[in-house]
Amino acid sequence: MKEISVFKKYNSIGILGGTFNPIHNGHLMLAQRTRQQFPDIEKVIIMPNNKPAYKGNNEIISPSERINMIKLAAKDYDYIEVSDIEIRRGGVTYSYDTLMQIKEINPEIKIFFIVGADSLFTIDKWYRYNDFLSMCTLLVARRRSDYKDMLGYANKLKKRNSNLNIEFIDSPEMDISSSAIRKFLSGYNIKDNEEKKARIEKYLDKRVPFTVKEYILNNYIYLKQ
């Protein structure tokens, strides 16, 4: 199976997980900066989850649509691969289960798990978070506005677990979010006039890759029917 070959053929990977509903330029910038700052990482694996454990599922589009957009966004980056391992596993997605599954496939693989700044402050609420953190190095996108607080919280986690590895990614802060993209698009109808369609295109051009923009518009993703 494809995912098995992905996890078997690399010695060191970065995992960027999430709903990717939709994937946007901020995700790709984070993957790029991760690879630049941690050259031991052979590939960044973008891994859409099935049902997120810690957020609502009402606005999540189908797995196939999310994967299609991720593949379109990633196709020009040779250091990015896409895995649907969490979607194929089904059920509620827990990162602990994912790392256990990957370690069963390749016990020697080194895993760098990439998260945004907000996730650092809630990671001790994740399912079996200590066991999860023992299987990876946590890479956190650094946010300059509260970097001091982030360092303090990271040290607090390290005191609880002396084997914990946490590093920070120096990535520019981008004012882009999947929820904001969905909210903007939901205000428009697929039958809107050309002026409104031009407004949508201008908005998306600044936030998602061209291929993802075309997919959203051609398939009326998030737009009112």
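**Helix α11 and its partners in a predicted model**

In this predicted model, helices α10 and α11 pack with their axes 10 Å apart and at an angle of about 150 degrees.

User: Which residues make the contact between α10 and α11?

Analyst: On the α10 side the contact is made by I200, E201, L204 and D205, and on the α11 side by K213, I216 and L217; by class, this contact has four nonpolar, no polar and three charged residues, and the crossing of the two helices is right-handed.

User: Why is α3 called roughly antiparallel to α11?

Analyst: Helix α3, residues 63-74, packs against helix α11, residues 210-219, at an angle of about 150 degrees, with 8 Å between the axes. Angles over 145 degrees count as roughly antiparallel, and therefore α3 is described as roughly antiparallel to α11.

User: What makes up the contact of α3 with α11, by class?

Analyst: The contact has six nonpolar, two polar and one charged residues, with E65, N68, M69, L72 and A73 of α3 meeting T211, V212, Y215 and I216 of α11. The crossing of α3 and α11 is right-handed.

User: How much space lies in the second largest pocket?

Analyst: The second largest pocket holds about 180 Å³ of space.

Key. Residues are numbered from 1 along each chain as its sequence is written. This is a predicted model: local features need pLDDT of at least 70, side-chain atom pairs count only at pLDDT 80 or more; totals for chains, interfaces and linings use all residues. Side-chain values use heavy atoms; hydrogens and water are left out. Axes are lines fitted to C-alpha atoms, for helices over the stretch in contact, and angles run from 0 to 180 degrees between N-to-C directions. Helices (H or I, at least four residues) and strands (E, at least two) are DSSP runs, numbered from the N terminus. Angles under 35 degrees count as roughly parallel, over 145 as roughly antiparallel, 65 to 115 as roughly perpendicular and the rest as oblique. A crossing is left-handed if the near helix is turned anticlockwise from the far one by less than a right angle, and right-handed if clockwise. Contact means heavy atoms within 4.5 Å. Ala, Val, Leu, Ile, Met, Phe, Trp, Tyr, Cys and Pro count as nonpolar, Asp, Glu, Lys and Arg as charged, and the others, Gly among them, as polar. On a 1 Å grid over the protein atoms alone, a cavity is a set of points where a 1.4 Å probe fits but cannot get out, and a pocket is an open set with protein on both sides within 12 Å along at least five of seven lines; lining residues have an atom within 4 Å of a point. Grid points are joined across faces, edges and corners, and a volume is the space filled by probe spheres set on the points.
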